[in-house]
Amino acid sequence: MTKRHGYALLAAIIAVVVALSAAIYAGVAADDGSGGTQNHVARDRTPGNSAAPASTGTWVGAWSASPVGAEPGTETTGMAGHSVRNVVHASAGGTSARVTLSNLYGQQPLTITHATIAVAATVNTAAATTDTMRRLTFGGSTSVVVPAGAQVMSDAVRVRIPYGSDVLVTTYSPTESGPVTYHPHARQVSYVAEGDLTEDVSGTAYTEQTVYWRYLTALDVLSDDSAGTVVVLGDSLTDGVTSTVGANHRWTDVLSERLRAAAGSGSAPRYSVVNQGISGNQVLAAGLGRPADNPSGLSRFGRDVLDRTNVKAVVIDLGINDILRNPSHVDPTTVTDGLRKLVREAHARGLRVVGATLMPFQGHRGYTSGREAVRQAVNAEIRGGKVYDAVVDFDQALRDPYNPRRLRADYDSGDHLHPSDKGYKRMAEVFDLGDLKGSVSAEL
């Protein structure tokens, strides 16, 4: 073999190695980090989508809200002929994004012909930052039909989502679609405009305001600063009822800020936080209807927790409504047995579970000495390490030291059940970030 032929052979070998390396890299970058737990109608499909992500990272949940029921007054027309601009707050930053839309409570197919995502120009506004407006696609198409009872995930779109930013997700449906699937206690103002104004940047036509989130149930980002997602399952105390509207003062928002500030130092993980609280939610019982309004914690655990993107840990703060909403006194064992079922489901996925004690509510209209006894019994089981892998003691942190059956005055919103903004902040402050990491208990 001549020297020239040798050089040619060597060049060919190098070219093959480079090509193989590129193929391997592309395969790794395409991993969406969902761990195979998503069961949406459409998955992230990048072919044919010119806005598909070019960078690497980890897919995490940046925001989420549980579908609660069918919005009253939308039974026939839905939001036909209107642009719905949801405003959500990102608990993680990233270089690409995708969303999940739900028609869980619809009675007929929901046709979305136009959908966009953008970063808000400022907080609490319908206006977008001009260069962030992106059109969303679904399986490569700009329109999608979401069957009744189903949900759909968009394709990934390249857009920089800063941590802590407000994000605008806008949908337009030209046809009547029946009841709107919604989350009623958003504690965030969103907007509606007549006609197809999904790509409107100014926001001036969005004159109708609402404190509902409609259709949208999740925002994921391809993150360069988070390694996974913490999912918080709860009731109104997690939903943030009584917290200041538009201020992101839910305790989960403050927990997200603490995790961000810790930035993986010490035992604190680099996790985003998504809130799956539903006001009035119970561990065991659900509302009326099919599918049920306000589904129980047990019935929604798979969809709202296990199917979230790249879940690393679960936090549960449920049980107080099982006590408050039963006409006869519930057996505390019934509540703790239900909580253990949730924990077992999480453990089957290898997920660690942190659970909260139930906070006091003396002075609330539902308070009785019998219900207080049940709360104390449930808390004794939780504190005894017989329910969760780790415990955050919200009861101890927020109760009045002179009367432990009620909330401390400055932590009380005034209804003697839900915390004030200061109370929500206190809940996040007593959370041990290190508890989100570690092994699961062998047996509880």
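**Entry 1: tryptophan 63**

I started with tryptophan 63, which has 7% relative accessibility and therefore counts as buried, the limit being under 20%. A reminder to myself: this is a predicted model. I found tryptophan 63 in strand E1, which covers residues 58–64. Leaving out residues up to four places away in sequence, I listed what it touches: Val88, His89, Trp213, Leu216, Thr217, Ala218, Leu219 and Val274. I also looked up alanine 92, which is 29 residues from tryptophan 63 in sequence, with 8.2 Å between their C-alpha atoms.

**Entry 2: the cores**

Next I asked which residues have the most contacts inside the largest nonpolar core. They are Val99, Ile117, Ile161, Val167 and Leu219, in a core of 37 residues. I then picked valine 99 and set aside its neighbours within four places in sequence; its contacts are Ile117, Leu136, Val152, Met153, Ser154, Val169, Leu216, Ala218 and Leu219. Another core lies apart from the largest one and has 31 residues, including Val231, Leu318, Leu324 and Leu417.

**Entry 3: a helix pair**

For helix H3 (residues 251–262) and helix H9 (residues 421–429), I wanted to know at what angle the axes cross. The answer is roughly 45°, and the axes come within 8 Å. H3 and H9 are therefore oblique to each other, and H3 passes H9 in a right-handed crossing. On the H3 side I noted Trp251, Val254, Leu255 and Arg258, which meet Tyr424, Lys425, Met427, Ala428 and Glu429 of H9. Sorted by class, this contact has six nonpolar and three charged residues, and no polar ones.

Note on methods. Residues are numbered from 1 along each chain as its sequence is written. This is a predicted model: local features need pLDDT of at least 70, side-chain atom pairs count only at pLDDT 80 or more; totals for chains, interfaces and linings use all residues. Side-chain values use heavy atoms; hydrogens and water are left out. A nonpolar core is a set of buried Ala, Val, Leu, Ile, Met, Phe, Trp, Tyr and Cys residues joined through side-chain atoms within 4.5 Å. Buried means under 20% relative accessible area, exposed over 50%, partly exposed in between (1.4 Å probe, protein chains only). Contact means heavy atoms within 4.5 Å. Axes are lines fitted to C-alpha atoms, for helices over the stretch in contact, and angles run from 0 to 180 degrees between N-to-C directions. Helices (H or I, at least four residues) and strands (E, at least two) are DSSP runs, numbered from the N terminus. Angles under 35 degrees count as roughly parallel, over 145 as roughly antiparallel, 65 to 115 as roughly perpendicular and the rest as oblique. A crossing is left-handed if the near helix is turned anticlockwise from the far one by less than a right angle, and right-handed if clockwise. Ala, Val, Leu, Ile, Met, Phe, Trp, Tyr, Cys and Pro count as nonpolar, Asp, Glu, Lys and Arg as charged, and the others, Gly among them, as polar.
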